[in-house]
Amino acid sequence: MKNLKYILLILIAFNFIGCGHYNFTGTGNIDAKTFQVNYFQNNSELIEPGIERNLTLKLQEIIQNQTNLNLTISKGDLLYEGEIVDYRITPMTATADQKAAQSRLTISVNVRFSNKNKEADNFEKRFSFFRDYDGVELPTGATLNGYIDEIFERITQDVFNESLAKW
């Protein structure tokens, strides 16, 4: 009976040791202390004022919320920079009288990621997402901001996963 207790104790210890590197964001061990997010310029043909600031802040926010890295304004171990390259509204389906029944707002962002401590992780990649809405609707104000926030939430999560979570 005494040996059974020891075996059970060893099995429980191995179980906890095996889960030692898990966290809820899936980032594992990040070999950096600081990160820097440079201002993302809006270089798209169609300009929506203020979205470049929103993207920059949203990317900073997701990294701060999902890691223990410190935000810095210069010389960060991890550097995020890039530009908004496309902001587009396109009709997706048409009605019989040739009006848009459904439209799509698409935003694309080019991101350059640099890791000073592990240059093999560096990349430059385009991230894009969209939001469909009723074609007779012309989103403005809070509605448009809600759509943009929804798109940026998805894009910033994709950037985070590509740079830190390695998904």
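Helices, of at least four residues, and strands, of at least two, are DSSP runs numbered from the N terminus. On this basis, the predicted model contains three helices and six strands. Read from the N terminus, the order of elements is α-β-β-α-β-β-β-β-α.

The protein has 167 residues, and 37% of them count as buried. Its accessible surface comes to about 10600 Å². Carbon and sulfur atoms hold 54% of that surface. Contacts across the sequence were also examined. Among contacts with a separation of 6 or more, 67% join residues 24 or more positions apart.

Aromatic rings were considered next. The structure holds five aromatic pairs. One of them joins Y80 and F113. Y80 belongs to strand 4, whereas F113 belongs to strand 5, residues 100-115. The two residues are 33 positions apart, and the pair links distant parts of the chain. Both Y80 and F113 are buried. The grouping extends beyond this pair: Y80, F113, F123 and F127 form one aromatic cluster.

A charged side chain also meets a ring. R104 lies over the face of F130. The distance from the ring centre is 3.8 Å.

Two loop residues were then examined. K75 sits in the loop between strand 3 (70-71) and strand 4 (78-94). Strand 4 is also the strand that carries Y80. The backbone of K75 has a phi near 55°, a positive value in a residue other than glycine. Most residues other than glycine have a negative phi. K75 has 72% relative accessibility and therefore counts as exposed, the cut-off being over 50%.

L138 occupies the loop between strand 6 (123-134) and helix 3 (141-165). L138 counts as exposed because its relative accessibility is 68%, again over 50%. L138 can also be placed relative to S103. In sequence, L138 and S103 are 35 residues apart. In space, the C-alpha atoms of L138 and S103 are 9.4 Å apart.

Y80 and F113 are buried. K75 is exposed, and L138 is exposed as well.

Methods. Residues are numbered from 1 along each chain as its sequence is written. This is a predicted model: local features need pLDDT of at least 70, side-chain atom pairs count only at pLDDT 80 or more; totals for chains, interfaces and linings use all residues. Side-chain values use heavy atoms; hydrogens and water are left out. Buried means under 20% relative accessible area, exposed over 50%, partly exposed in between (1.4 Å probe, protein chains only). Contact means heavy atoms within 4.5 Å. Accessible areas come from the Shrake-Rupley method with a 1.4 Å probe; for residues, only the protein chains shown count as cover. Rings of Phe, Tyr and Trp (its six-membered ring) pair if their centres lie within 6.5 Å; planes under 30 degrees apart count as stacked, over 60 as edge-to-face and the rest as tilted. A charge sits over a ring if NZ of Lys or CZ of Arg is within 6 Å of the ring centre and within 35 degrees of the ring normal.
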